[in-house]
Amino acid sequence: MKLIADFHIHSRYAMACSSQITIKGLDETAKTKGVGLLSTGDFTHPEWLKEIKATLEPDGEGLYRVKGSDTGVRFIIGGEVCTISKDGKGAIKKIHHCLTVPSIESGEAVIDAIKGYGALASDGRPQLSISAAGFVEKVMSVEKRAFVFPAHVWTPFFGALGSLSGCNSIKEAYEDQEKHIHALETGLSSDPEMNWMVSKNDKYALVSNSDMHSLPKMGREANVFEVDKDRLSYDMIVGSIKGKNNRIFKGTIEFYPEEGKYHFDGHRNCNYSVDPSKTKNQICPVCGKRLTIGVMHRVSDLADREYGYRPEADSEFVRIVPLREVIAHVKGKPETSKSVIELYDRMVSEIAPEFDILIDARLSDIGAVDEGVAEAIDRMRTGRIEIRPGYDGVFGEVDLLGKGVSKGVENRQRSLFG
């Protein structure tokens, strides 16, 4: 059985997140998307934890489901935290980390271990005054089956390898606790091909997740597993990632990285972006202030391989543009418009869940509902699209129909799931 999983989401208690996010809403949205395994997100927040405990019940070893639900969606207890500390030279390091644990009870043990380092009720993604290594050590001391990995590892401000992290390796970021790090989250602005350029990261599995702040954004990146439904467990899923077991952990579903909001270098306030190969002195030519150095630039700085190298036996991946975004582009309407939402609902009702439409469904079936969307999906699957890359917090601009975008760049789909 194919299982799609999203391990990095947020609740309505996280900063800048939708007030519409509830556990039951997550359950219903996951079914529509085709996501079978979903993190609870934000389990360290006391009010969200109350909702988790009131709404979920055990369903398999280390997994949960919504009480009375028939969606088939399972949940894993997970969240994200930010650690803030100073290194030996006095430089401040801010790093975001994702973690999952095998039970609500072990989640409560983690909370007890870290609650002295920050106000957990202040944000669904709390800020902790502790080093990355100290955080991992605290977590592992109370739950040895916990799974911790750096969130959006390349993003400038909070990625463990971002341009402002002060770290050039995962070892530098996590110090003696790097032994517990088995995976890296690619983030929206990078994909496996970019990560494969850095050989010292070969030891880590590459995972991808949505980091959703509203329900429609669930699954914009995700992970794919091939599992025996009756034997599914926390340890099976986490163990297959840690062991890079390609029989179970098949790979990832990715954003086109150019669409991510930190792909190119740039300065949002000046509406200026630039290909890293053309960046001069890392200074904005408009205002004279320092540019935000993007993911593409940062990967290139640490790379010791050419783009296009692929490690043997590594996982597959496929790039997508989320279905609502596809429909909005074809119709020339905002994603939140009534007509876009109505067509989205019709397609997932009449054809299949969203991921099946984007990756597997026959174009003829999609075209029977809307020919323009079928054409756009065909171009997306084959990489015949253009994107004006994102920069400094601005998402990239996608052209799925060959109409042209300013400063567009061609993308090539190199690998597809089969």
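This is a predicted model: local features need pLDDT of at least 70, side-chain atom pairs count only at pLDDT 80 or more; totals for chains, interfaces and linings use all residues.

Biologist: Where is His 152 found?

Modeller: His 152 sits in the loop that runs between strand E8 (147-150) and helix H5 (170-174).

Biologist: And is His 152 buried or exposed?

Modeller: His 152 is buried, because its relative accessible area is 10%, and the cut-off for buried is under 20%.

Biologist: Which side chains make a polar contact with the side chain of His 152?

Modeller: One of them is Glu 80, where the side chains are joined by a polar contact of 3.5 Å. Another is Thr 155, whose side chain makes a polar contact of 2.9 Å with the side chain of His 152.

Biologist: What about the backbone? What is phi of His 152 near?

Modeller: Phi of His 152 is near 25°, which is a positive value in a residue other than glycine. Most residues other than glycine have a negative phi.

Biologist: Which other residues have a positive phi?

Modeller: Gln 282 is one of them, with phi near 55°. Gln 282 lies in the loop between strand E14 (272-274) and helix H8 (295-302), and it counts as partly exposed because its relative accessibility is 24%. There's also Lys 244, which follows helix H7 (residues 234-242) and has a positive phi near 50°.

Biologist: OK, new topic: helix packing. How do you describe two packed helices?

Modeller: You give the angle between their axes and the distance between the axes. Take helix H9 (residues 323-331) and helix H10 (residues 338-350): their axes are 9 Å apart and the packing angle is about 125°. That angle makes H9 oblique to H10, and the crossing is right-handed.

Biologist: Which residues in H9 and H10 meet?

Modeller: From H9 you have Leu 323, Arg 324, Ile 327, Ala 328 and Lys 331, and they meet Val 340, Ile 341, Leu 343, Tyr 344, Met 347 and Val 348 in H10. Sorted by class, this contact has nine nonpolar residues, two charged ones and no polar ones.

Biologist: And how does H9 pass helix H13?

Modeller: H9 passes H13 in a right-handed crossing. The axes of H9 and H13 (residues 371-382) come within 9 Å and cross at roughly 120°, and H9 and H13 are therefore oblique to each other.

Biologist: Which residues make that contact between H9 and H13?

Modeller: On the H9 side there are Leu 323, Val 326, Ile 327 and Val 330, and on the H13 side Gly 372, Val 373, Ala 376 and Ile 377. By class, the contact of H9 with H13 has seven nonpolar residues, one polar and no charged.

Biologist: Let's jump to helix H4. What do its buried residues pack against?

Modeller: H4 (residues 132-142) has Ala 132, Ala 133, Gly 134, Phe 135, Val 136, Val 139 and Met 140 buried. Those buried residues pack against strand E5 (74-86), strand E6 (92-101), helix H3 (104-114), strand E7 (127-128), E8 and H5.

Biologist: Last one: where does Pro 46 lie, and what does it touch?

Modeller: Pro 46 lies in helix H2 (residues 46-55). Not counting residues up to four places away in sequence, Pro 46 touches Leu 120 and Ala 121. Pro 46 counts as partly exposed because its relative accessibility is 35%.

Biologist: And what about Gly 25, buried or exposed?

Modeller: Gly 25, found in helix H1 (residues 23-33), is buried, with a relative accessible area of 11%. From Gly 25 to Ile 170 it's 145 residues in sequence and 35 Å in space, C-alpha to C-alpha.

Notes:
Residues are numbered from 1 along each chain as its sequence is written. Side-chain values use heavy atoms; hydrogens and water are left out. Axes are lines fitted to C-alpha atoms, for helices over the stretch in contact, and angles run from 0 to 180 degrees between N-to-C directions. Helices (H or I, at least four residues) and strands (E, at least two) are DSSP runs, numbered from the N terminus. Angles under 35 degrees count as roughly parallel, over 145 as roughly antiparallel, 65 to 115 as roughly perpendicular and the rest as oblique. A crossing is left-handed if the near helix is turned anticlockwise from the far one by less than a right angle, and right-handed if clockwise. Contact means heavy atoms within 4.5 Å. Ala, Val, Leu, Ile, Met, Phe, Trp, Tyr, Cys and Pro count as nonpolar, Asp, Glu, Lys and Arg as charged, and the others, Gly among them, as polar. Buried means under 20% relative accessible area, exposed over 50%, partly exposed in between (1.4 Å probe, protein chains only). A polar contact is a pair of N or O atoms within 3.5 Å; within protein, one must be able to donate a hydrogen and the other to accept it, and residues adjacent in sequence count only if both atoms are side-chain atoms.
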